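Here is a friendly briefing to read alongside the model. Take a moment to turn the structure around before you start on the points below.

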There are 2 protein chains.
Amino acid sequence: MNENVPNCKNNYLHKDKIEHAKSLLINDEDLFFVTQLFKILGDETRTKILSVLIEDELCVCDIAKILDMTKSAISHQLKTLRIAKLIKSRKIGKEVFYSLKDDHVFKIYKMATEHVAE
Amino acid sequence: MNENVPNCKNNYLHKDKIEHAKSLLINDEDLFFVTQLFKILGDETRTKILSVLIEDELCVCDIAKILDMTKSAISHQLKTLRIAKLIKSRKIGKEVFYSLKDDHVFKIYKMATEHVAE
DNA sequence: ATAATAGTTGAACAATTATTCAACTATTCG
DNA sequence: CGAATAGTTGAATAATTGTTCAACTATTAT
């Protein structure tokens, strides 16, 4: 099943190292949620949407205009962002206004930008 | 081309808002690099690899054993992480040891975990 | 009530990508 | 040298996913 098990003669040599590293392995629950979050942030359209919502709420149509994309495409991505609890919405008449749920995401972006800036 | 342009009667109403939001739109270069980084972090295998490299370098075979995956799969992902400059490698004999390049990534993870923890 | 508009939704399509497989290189050891 | 081992690589496959399209709901205005 796993080609590696019978090989790697140095197994005994690195054994302690491996055991210790195993204890550092991220647990399944954290892994799922953190990876999920990064997957959501790893899309250009969603990043753009979040960036224009920094200071104020916007309706779907506004966002579509700013990004020069269809309302449908934007709506799909807004749904993804809403399910991930990164944004929230409120309806006024026919319009639905979206805004950021908290500033955690921007701290993450800021940190990522710092990393990238090097 | 864009279904939205002729619609959205409230254009005049939200005009200032839209213009201001446009100025907040993340620029193309930052967008590319930040999204690229998050794409790389948005994979369970890569996240696991980074997590086991927190404290010490490991060879490909060690990582493969810890994650119970083939050396080939691990090697492919290590290459991705190396190209993204998240890890570095050094060769000793037949073995190639991989380690984190800096601790930026873990600050990002830490922040993401905090976000997720809510 | 009818028309117009804002937004949502599901299916289809296209593009991306993680893993597998097999073949390959490089290094060590007998 | 030849055998064994660590790791890499490219092609193929399978799964995921972002956008489009068309049809739909909900709200407003005439």
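In this predicted model, strands β2 and β3 of chain A form a hairpin with two residues between them. A:Gly93 sits in the turn and has a positive phi of about 65°. Helices (H or I, at least four residues) and strands (E, at least two) are DSSP runs, numbered from the N terminus. Residues are numbered from 1 along each chain as its sequence is written, chains are lettered from A and ligands numbered from 1 in the order in which they are written, and side-chain values use heavy atoms, with hydrogens and water left out. Because the model is predicted, local features need pLDDT of at least 70 and side-chain atom pairs count only at pLDDT 80 or more, while totals for chains, interfaces and linings use all residues.

**The sheet of chain A**

- Strand β2 (residues 87-92) of chain A and β3(A) pair in the antiparallel sense over six bridges; two strands count as paired if DSSP finds at least two bridges between them.
- Along this pairing, A:Ile92 stands opposite A:Glu95 in β3(A), and A:Ser89 stands opposite A:Tyr98 in β3(A).
- Strand β1 (residues 58-59) of chain A pairs with β3(A) in the antiparallel sense over two bridges, and here A:Leu58 stands opposite A:Tyr98.
- Is strand β3 (residues 95-100) of chain A mostly covered or mostly uncovered? It is mostly covered, with five of its six residues buried; buried means under 20% relative accessible area, exposed over 50%, and partly exposed in between (1.4 Å probe, protein chains only).

**Chain A as a whole**

- Chain A has six helices and three strands, and along the sequence they follow the pattern α-α-α-β-α-α-β-β-α.
- Of the 118 residues of chain A, 45% count as buried.
- The accessible surface of chain A is about 6600 Å², and carbon and sulfur atoms account for 52% of it; such areas come from the Shrake-Rupley method with a 1.4 Å probe, and for residues only the protein chains shown count as cover.
- Among the contacts in chain A with a separation of 6 or more, 51% are between residues 24 or more positions apart; contact means heavy atoms within 4.5 Å.

**The sheet of chain B**

- Chain B also has an open sheet of three strands, with the order β1-β3-β2 and antiparallel pairing.
- In chain B, β1 (58-59) and β2 (87-92) stand at the edges with a single partner strand each, so one side of each has no neighbour in the sheet.
- β2(B) and strand β3 (residues 95-100) of chain B pair in the antiparallel sense over six bridges, with B:Lys91 opposite B:Val96 in β3(B).
- Helix α5 (residues 71-83) of chain B lies across β2 and β3 of chain B, running at about 120° to β2(B); axes are lines fitted to C-alpha atoms, for helices over the stretch in contact, and angles run from 0 to 180 degrees between N-to-C directions.

**Where the two chains meet**

- How many residues of chain A are in contact with chain B? The count is 63 residues of chain A, in contact with 63 residues of chain B.
- The area buried between chain A and chain B is about 5900 Å², with 68% of it from carbon and sulfur atoms; buried area is the accessible area (1.4 Å probe) that two parts lose on being put together, summed over both.
- A:Phe38, A:Lys65 and A:His115 supply 11% of the area that chain A buries against chain B, more than any other three residues.
- There are zero salt bridges between chain A and chain B.

**Salt bridges**

- The structure holds four salt bridges over all chains; a salt bridge is a side-chain nitrogen of Lys or Arg within 4 Å of a carboxyl oxygen of Asp or Glu.
- A:Glu19 forms a salt bridge with A:Lys22, the closest N and O atoms being 3.9 Å apart. These two residues are three residues apart in helix α1 (residues 11-24) of chain A, so about one helical turn separates them.
- A:Arg90 forms a salt bridge with A:Glu57, the closest N and O atoms being 2.6 Å apart. This pair links distant parts of the chain, 33 residues apart: A:Arg90 is in strand β2 of chain A, and A:Glu57 is in the loop between α3 (44-52) and β1 of chain A.
- A:Arg90 is partly exposed at 43% relative accessibility, whereas A:Glu57 is buried at 15%.
- In chain B, the side chains of B:Arg90 and B:Glu57 meet in a salt bridge (2.5 Å, N to O).
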